[in-house]
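Look at the model first, then read on.

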Amino acid sequence: MDDKTLITANNITFRYQENSAKPALDNVSFQVERGKWLAIVGHNGSGKSTLARVLNGLILPDEGEVIVDGLQLTKDSIWAIRKKIGMVFQNPDNQFVGSTVRDDVAFGLENNGVPREDMIERVDWATKQVNMQDFLDQEPHHLSGGQKQRVAIAGVLAARPDLIILDEATSMLDPRGREEVLETVRQLKDKSMVTVISITHDLNEAAKADQIIVMNDGKKYAEGTPDDIFKMDDQLVEIGLDLPFSFRLSRLLKEKGVPLTKDHLTHEGLVDELWTLQSKI
């Protein structure tokens, strides 16, 4: 594994039942480069959440290997690997244990025996990275859904992992909260602070990633950049995925004669080009 590669999965196969004819993961291989954002997408039962559990060592593959930052995932290396990976889960309310934002971000650090002065510095730094430094003394249940997830990300960041896995972390949020979290993740990734894997069924979210893996029936169905993946539009629909609204609207506008240069994967890109076209009229 070269220095650019953080995660390598080689021929991963996993069955929830030992004699099951159909594995939950079937011979899945991929790599994740440091500082990149990989989105793993698929419908319910596609294997994407099982893959997240394997990467974090919650389950071990029946066949194949996972290597994280040079360490092969085994029963003996699980705890060392988990220190390199932070997880942000679906429901932010299930993640809080502290009475204030400050206490919650510090919780994992206290458990790991981080010295107090270092802990204070890490809490301040992590909350600033997600723009929650003004909420340190707030009670978590007073926060919005998006703010809660940003605090959860701060708690993960404070532990200084190499990788953050977002396991359907925006699926319970309203559109504003979802954008808050995804913008936070994008900024952290762009600053090269962390590598990101997002597990999602939402192709609007996946469109913001550098690379996408599409899972279907436990297998890697496709892999590529967002532009590569969305060229498969009809195939994605056939396996139960919904194309982003901006992509579908771009196609419709082009059919109606609007001279767009591309099918846009994000709302921002579509709005920017429409604004440019308007200014030329």
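Six strands form an open sheet in the order E6-E7-E8-E3-E9-E10, with mixed pairing. Strands are DSSP runs of E with at least two residues, helices are runs of H or I with at least four, and both are numbered from the N terminus; two strands pair if DSSP finds at least two bridges between them. E6 (85–88) and E10 (219–224) are at the edges with a single partner strand each, so one side of each has no neighbour in the sheet. The model is predicted: local features need pLDDT of at least 70 and side-chain atom pairs pLDDT 80 or more, while totals for chains, interfaces and linings use all residues. Residues are numbered from 1 along each chain as its sequence is written, and side-chain values use heavy atoms, without hydrogens and water.

E3 (residues 37–41) and E9 (residues 211–216) pair in the parallel sense over 4 bridges. In this region Ala 39 stands opposite Ile 212 in E9.

Two helices touch the sheet (contact: heavy atoms within 4.5 Å). Angles run from 0 to 180 degrees between N-to-C directions, with axes fitted to C-alpha atoms, for helices over the stretch in contact.

| Helix | Strands touched | Angle |
|---|---|---|
| H5 | E6, E7 | about 165 degrees to E6 |

A nonpolar core is a set of buried Ala, Val, Leu, Ile, Met, Phe, Trp, Tyr and Cys residues joined through side-chain atoms within 4.5 Å, where buried means under 20% relative accessible area (1.4 Å probe, protein chains only). The largest one has 50 residues, of which Ile 153, Val 214, Phe 230 and Leu 236 touch the most other members. Helix H5 (residues 145–158) gives the most to this core, 7 residues. A second, separate core of 30 residues includes Ile 12 and Met 87.
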